[in-house]
Amino acid sequence: MNIQGQVAEGFEAVRDAFIRNFEVLGDRGAAVTVYRDGRRVVDLWAGVRDVDADTDGDAVPWTAGTAQVVRSATKGVAAVVPLLLHQRGLLDLNAPVGAYWPEFKAGGKERALVRDLLAHRAGVPALDVPLTPQQAADGLTGARAVAEQQAFWEPGTAHGYHAQTYSWLLSELVLRVTGASLGKWLAQEVTGPLGLDFWIGLPETEAASGRVGRVGAVEPPESAGALRTRPRRNVSEAYADPASLTRRAFAAITPLADENAPAYRAAELPASAGIGTARALAGLYAALLGDTEDGPRLFTPQTAALAGRELSAGPDRVLVVNTRFGPGYMLHSPASPMLSPASFGHPGRGGSLAFADPEAGVGFGYVTNALAKSVTADPRAQALLRALHTCL
């Protein structure tokens, strides 16, 4: 395997684990970047740009600028927006969502707070009438659907992963506060100034550049052995049951959207359709903690502490395991291991992972085009984390 990029002295173990991901765990195209105290110490990429490319033919190689759909790892990037609005005094996390978005008070949601929305406690993880991919890409249709939806539980009293509906919940809240779409606000205020290649709503210029690869589902190779993903029976049953809240939450967009389609890539779906590089993900999370080689810090120490503050913990009504969430971020737990209990970030179903760890001063980003069956703890990302542990 021809690994490109570099690692700083002392971080060679991450490179070794990255190589093994290709040789043993079935990666086809991937990148991993790590920042430590604002400095890039790992920046590696390898494989092919497109998961369905013929590796024995004229496949386009993965390059330093290759970007991919990162699924729910998008949620952690999107969460930067409401926390920055809070930091600037424009959004009160303890205010009712209805104070900014009056229509949301329908369906028993009048007591839902902004912090409930961010921590998957808003009570609307699914829709009685799913949206088509075309409807889902229309923010007005999605916002109307979640506003009219009857709550599945009293907001604030329990939590359950808002896998798809998080897109329209967060988008509409940001629109009501700023007058701008979340993707445009993110580009103008965050990723643009820092020079980070990450988009929620891929611009036409980037779509035409050829840098965005194709993602797709893959089966883990036999060489993965015991590391092959084997979900517990109750989890598997929940995903298989069309009537379960689990299945309905992930099916809020039905039929499944083609994640490689130009229309999907252009859609502003903060729950699932972000596109970017591992370098951008790691650089963004590093900037939440302090100044980096890319630019000044984004979060004050108070906001960074808020990002890692537990708001939800215990049985997740959608994922059917115990999960922990802060305001917009998944927190370290057995179901979603990161670097330490202080970590906050978000995995993407199928492989990608990005997070910050304030105790270690680490920003981490891993992106892959080979989407496995894992939801929150992909073996390839976990192998990289175990290696990183040995370097700190």
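The expected span of a helix is taken as 1.5 Å times one less than its number of residues, and helices (H or I, at least four residues) and strands (E, at least two) are DSSP runs numbered from the N terminus. The structure is a predicted model, in which local features need pLDDT of at least 70 and side-chain atom pairs count only at pLDDT 80 or more, whereas totals for chains, interfaces and linings use all residues. Residues are numbered from 1 along each chain as its sequence is written, and side-chain values use heavy atoms, with hydrogens and water left out.

Helix H16 (residues 379-391) comprises 13 residues and reaches 19 Å from its first C-alpha to its last, close to the expected 18 Å. Of these 13 residues, 10 are buried (under 20% relative accessible area, with exposed meaning over 50% and partly exposed in between; 1.4 Å probe, protein chains only). The buried residues include Pro-379, Arg-380, Leu-384, Leu-388 and Cys-391, and their cover includes helix H1 (12-23) and strand S2 (29-36). Arg-380 forms a salt bridge with Asp-378, the closest N and O atoms being 2.8 Å apart, and both residues are buried.

In total, the structure holds 18 salt bridges (a side-chain nitrogen of Lys or Arg within 4 Å of a carboxyl oxygen of Asp or Glu).

Technical notes
Contact = heavy atoms within 4.5 Å.
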